[in-house]
Amino acid sequence: MNKSILNCISFISVIIGFLLLMYFISLFNNAIANSDQVPIPLNKLPSQVIYWLGILSVTLPSLFQDVNRKIRIFSVALLSVCVLLTYPLFSTTYGYPVGRDSIYSYQLCNIVYSDEHWNVSAATGIAKQYTHYPAMHIFIVTVSKITDIPLINIFAWTLPVLRLLLIPTLIFLIFREFLDEKLSLLCVFLYLTNPSLINWIHHEGFAIIFFMMSLYIAIKLMKTPTPTLIILNLIFGLILVMSHHFTAYIWLFWTAALFISSKIPKRFLEGYNIDSEKYVYMSDSYILFFLVAFLSWGVYVTNLDLFSHINIEEILFNIFSPFSHITRPSSAGISFRFYEKILIYSAMMLLGFYTLVGTRKSLRMIFNKEPSYNEKFPLFFIVNFVFSISLIVASASLWATEYYFILLRIFEFAYIGLIPVAVFGIMRISNKGGLYKNLIVPLSLIIILIGGNIMNGGFRYYYTDRSVVSCTNPLFMIPDIYEASIWFKDNYKGGSVLGDGLVYDALGGFGRSDVNMYNTELIHGIFGSDYINESTFYNLRANNITYIVTHRYMTEYPSYEVSDRVYTDGQIKKLEDIYYLEKIYDNEVINIYEISKNWSVYS
């Protein structure tokens with residue numbers, strides 16, 4: 001095909017795809033906002049076919065190497081918008097954040113905004129785990145103050161826009177130091193297929209930006225060790241420590257691996273086609289600085305809280321016991337349809353295939369068995385690949401423990417080491433030409449993108465099968481629930497609130513109260529029986545419960561953190577007849593009861 005015609009078709013494809021995606025987002029938000037049913041029935045939501053056609057149309061031009069360079073860059077840029085802005089585009093219909101992590105991150109921002117200083121003691125719920133890592137919420141509040149845009153309006157956009165501007169750029173710049181522009185752009189595309197991309201508002205999503213910045217500056221220091229770059233690397237390292245514990249741990253071990261590799265005597269690399277000059281130099285001073293900052297922050301600020309929850313004996317038992325398992329119900333009731341599972345597994349197998357082909361090609365390069373490859377293989381790629389594989393293996397070993405979630409999140413880091421090797425595999429197949437170059441490889445890359453996007457897509461919660469949906473799904477965070485939470489924040493008198501996962505998100509997150517939802521014995525004692533016995537009375541007082549909250553969805557949908565039980569109308573309405581419970585707030589959806597301070601089981 002004539003190149004000018006190909007370029008014209010490619011440009012039109014990108015524009016049409018982007019317009020289709022905007023049309024889908026408009027239909028989606030209008031459907032959610034105007035629905036009088038909760039959760040909205042699936043047949044009232046726009047067909048996902050529109051979304052996937054848009055993604056396909058935007059993406060295809062970037063996968064053909066004969067397409068004009070500017071159009072391919074434009075294609076990847078718009079794909080980045082569609083992938084990295086999913087949270088604000090799909091989850092801000094009502095004007096406030098939804099999703100547990102985002103709600104509690106908003107709570108932390110609100111605390112900084114209203115108190116105008118960092119207050120580690122004011123957080124509730126899961127925000128307590130992150131209150132010792134203030135960098136993200138200080139940044140978001142600062143942007144709100146500088147722009148004079150209300151926090152609630154800017155909160156959902158600040159981090160996604162920052163990630164959009166920096167993550168694709170940093171991935172490109174990191175690999176451009178070692179690969180040509182076409183392959184670097186392909187690395188950006190592959191990173192956007194990442195199933196672990198954190199597109200909601202979370203500290204890890206903020207911290208990984210400084211992880212990548214630190215890595216890129218370390219690469220630049222390999223060539224030009226200027227004082228400015230050294231100071232910037234120290235600053236970014238400190239911000240990383242203040243942003244997120246898990247990301248800081250990964251960076252600590254990653255820098256150690258890079259540091260050790262830089263000390264390998266060159267004579268050991270003689271005879272191999274390895275470029276020992278292309279490693280990332282980590283100085284003794286930087287390692288010492290980061291380690292001191294990491295430990296100092298852990299000891300004096302977080303009090304090593306994370307380590308206090310790690311039971312090594314239990315972890316080892318669960319790893320080595322073939323019959324041990326941890327039940328992992330989805331707090332949002334997410335389910336994947338059969339065709340979605342096929343796409344996810346296909347994406348995993350295709351990426352695994354390309355990685356294996358790339359590994360074989362890399363080994364042939366290293367052992368001088370690839371005559372067509374005239375350059376030396378970067379030591380940087382070897383270290384990153386080995387370390388990334390080690391991360392995946394270590395995370396997979398935790399699948400049978402309570403730390404199973406690490407495997408679900410590790411690929412946001414591991415892809416940095418995997419994708420250059422996968423790119424070598426892709427090019428190995430593509431170089432066969434013909435159908436391989438023009439059909440098989442582009443089609444396989446589309447499947448990899450769709451499979452990863454199904455896993456991290458911002459609207460996956462809304463399209464989950466209604467037969468397995470949980471009342472902690474964002475679909476249930478409707479204005480009535482939000483308004484009750486804001487009212488409760490202004491009238492909360494202390495003590496604990498008894499409720500399920502939706503109450504935990506709403507009154508705990510927006511209402512800034514302590515919600516007890518993990519005491520299943522107490523939860524079932526109050527909500528799961530036709531009467532409340534004497535031991536449950538005492539249990540309420542022992543757990544300092546001062547409020548009990550119910551909502552109408554408790555009789556229709558389970559809250560999987562508590563159990564898969566659905567309560568009856570009688571079990572919920574019985575609270576209205578208990579003399580020591582005073583209903584202090586109600587609307588069409590939610591009821592808030594306050595327990596009398598002077599009640600007795602014998603009254």
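In helix H16, Glu340, Leu343, Ile344, Ser346, Ala347, Leu350, Leu351 and Tyr354 meet Ile440, Val441, Ser444, Ile447, Ile448, Ile450, Gly451, Ile454 and Met455 of helix H20 (contact is heavy atoms within 4.5 Å; helices are DSSP runs of H or I, at least four residues, numbered from the N terminus). This is a predicted model, where local features need pLDDT of at least 70 and side-chain atom pairs 80 or more, while totals for chains, interfaces and linings use all residues. Residues count from 1 along each chain, and side-chain values use heavy atoms, leaving out hydrogens and water.

The axes of H16 (residues 338-366) and H20 (residues 434-456) come within 8 Å and cross at roughly 125° (axes are lines fitted to C-alpha atoms over the stretch in contact, with angles from 0 to 180 degrees between N-to-C directions). H16 and H20 are therefore oblique to each other, as that label covers whatever is left besides under 35 degrees, over 145 and 65 to 115.

Now for the cores (buried Ala, Val, Leu, Ile, Met, Phe, Trp, Tyr and Cys joined through side-chain atoms within 4.5 Å; buried is under 20% relative accessible area, with a 1.4 Å probe and protein chains only).

| Core | Size | Residues include |
|---|---|---|
| Largest nonpolar core | 175 residues | Tyr191, Trp254 |
| Another core, apart from it | 19 residues | Leu498, Ile572, Leu575, Leu581 |

Tyr191 and Trp254 have the most contacts inside the largest core. Beyond its neighbours within four places in sequence, Trp254 touches residues including Phe211, Phe387 and Phe413.

And the cysteines? Cys82 counts as buried at 7% relative accessibility, and Cys187 does at 0%.

Conventions: Buried < 20%, exposed > 50% of the residue type's maximum accessible area, 1.4 Å probe, protein only. Helix = DSSP H or I, 4+ residues; strand = E, 2+ residues; numbered from the N terminus.
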